[in-house]
Amino acid sequence: MCGIVAYTGKKREIVPTLLDALVRLEYRGYDSAGIAVSCPDGIEILKTSGKVKALQEKVSSDWKEKVKDAVAGIAHTRWATHGPPTEINAHPHTDEKKNFALVHNGIIDNYSAIKERLQAKGVKFSSETDTEALAHLIAECYMGDLCNAVAAALKQVTGTFGIAVISRDSPGVIVAARKGSPIVIGVGEDEAFVASDVSPLLPYTKRVIYLNDNDIAVVRPDRIDIRNMDNIPVSREVAHIGWDIKAAEKGGHEHFMIKEIFEQPEAIANALRGRMDTELGTSKLDGLNFSETDVAGISRIIIAACGTSLHAGMLGEYFFEDLANIPVEVDQAAEFRYRNPIIQKGTLALAISQSGETADTLAAVREAKLKGAIVASICNVVGSTIARETGRGVYLHAGPEIGVASTKAFTCEVAILLLMALKFGRAARLSRQSGFALISEIEKASGLVKNVIDGAQKIEKIARKYARARDFFFIGRGYLYPVALEGALKLKEISYIHAEGYHAAELKHGPIALLDENVPVVVMANDLPGKDKIIGNLQECRARKAPVIAIVTEGDKDAKKYSDDFIEIPRASDFVTPLPTVVALQLFAYYTARERGCSIDQPRNLAKSVTVE
Ligand code: G6P
């Protein structure tokens, strides 16, 4: 949720390096920010409410001069949980004497009890955060060794954390630890970094170490020691980040979101590359590590995910049922975790997550494992917690997704689900010929999406026309029902227009009461089975004077007639049509938000990766 970055070494100017890294992390949280550096005379701190830009502006030349001999530093961009996004609540937090400074992602569940106990001893707190309690606790546990003090403090807390700590006594040393919130160490030559994800590290190093839960690391420029909380050394291998720095920059686009929408033809091609077996008419998904017999043994699939990934999962349900004849349930991940799901022999629990760090999805994976399910995942971020804990799965290879509203991850998740369903289908009732036919449809996906992107200007024009609406409905059926949900989610996330996605048949069971001439309805009226019914639903909207924007297949002759505006999507099979269709809705949401002057890449109150429940 929040972003952490820390640096130790003398190769770079610490303050500009950390501020630059914070900008790259800002997509994770952006309501306040701060930096603390370890200087020969002690720890210096600067914090502000607002975005990283405000922090950059606050760094005066005097302050820079004061901290010029700094040897290590920690920085943070926050997404508030405990206490509003004020300067005082911004991280880093310190103990009373400023001997320790700490940045933290996650939530300390028992912070009130710790706070009360320490306050009774006379310790003064200055913020409303849970994190400050941990800073005071580290000070209380300190007996001369920073790592031991951090470990002792962490043993007393419940909840989740990814932290980086510096101390007055050990300049040049950063202690980092994780439980439930990711921490990655960037390994350089005579320098080292700590971060909450790899994106801020890309300009500096591609060699990283992912900490496991309950690892604690002592990071120095030339040495990294990792142990568990019981002080037993553990060894973690150095991994190589495959992402290119350019992938995490805007590359001339106004926003990451539009860059990522435009990247989709390539992202989908990357997700599919080398994964279709044109000889056997199936797919090759080695990371799943399932033999044909394993696949044949899967009798039920439970998909757990959140947000956009949940909508991808809903499409997965159609794919697996239609192609592989396997019953599927799709669960909002938190619901899966708390409703005591039934797992039988042969149940596959499939987690879908762009970040691979979403707290509820991760908890669902753990619950499913505990109950004896076979677990697998579809993730974008390589080495992410969900990918590692499931042990088997498929990476999207979509490249970094920085815009908070997920776009290319969605289409790649759908493409991978289609490949999985093909594989499972071929191990069941799907014939080789049907496998070939499906592969040739899937191969068209990237080109179909490109076609929609080429027509972006027309979508922009329509978006401008409706940009002042206060409410929107998106309706669809069958394969386009999850697409309608996703279209509504995109619009509300970035334009702040109230938008609801509904099954077209459900509209008349309540929501239709809200329709009038001020409430546009986006109707998925593509040429897919059920089109006659959706045209009926479209007419129901028109009869209530609601303006209708129809999504139609190129060459359509009927749905267009009844709509105020229409967006054409190239003709494709049922399975593939959701991809170009959702891209049109992404563009619609983007141009609407742009017309309204919204903060598109960092919408209010949202975070890219939700690592709290
Ligand atoms: C957050 C993001 C959404 C995303 C959801 C699930 O809410 O703002 O865009 O869809 O988390 O994220 P995941 O990384 O698990 O796909």
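**Basis.** I number residues from 1 along each chain as its sequence is written, and side-chain values use heavy atoms, without hydrogens and water. The model is predicted, and local features need pLDDT of at least 70, side-chain atom pairs count only at pLDDT 80 or more, and totals for chains, interfaces and linings use all residues.

**Domains.** I noted domain 1 (3-247), domain 2 (250-443) and domain 3 (449-598), with bounds from an automatic or database domain assignment. The centres of domain 1 and domain 3, taken over C-alpha atoms, lie 45 Å apart.

**Cysteines.** I looked for disulfides (pairs of cysteine sulfur atoms within 2.5 Å) and found 0. Cysteine 306 is in none, and the nearest cysteine sulfur, that of cysteine 379, is 12 Å away. That distance is too far for a bond. I recorded cysteine 379 as buried at 1% relative accessibility (buried is under 20% relative accessible area, exposed over 50%, partly exposed in between, with a 1.4 Å probe and protein chains only). Cysteine 306 is also buried, at 18%.

**Helix H19.** I took helices (H or I, at least four residues) and strands (E, at least two) as DSSP runs, numbered from the N terminus. H19 (residues 531-543) has 13 residues. Its buried residues are Lys531, Ile534, Ile535, Asn537, Leu538 and Cys541. They fall within an arc of 160° seen down the axis, so they line one face of H19; the arc is that of the directions from the helix axis to the C-beta atoms. On the other side, Asp532 and Ala543 are exposed. Lysine 545, which follows H19, has a positive phi near 70°.

Key: The expected span of a helix is 1.5 Å times one less than its number of residues.
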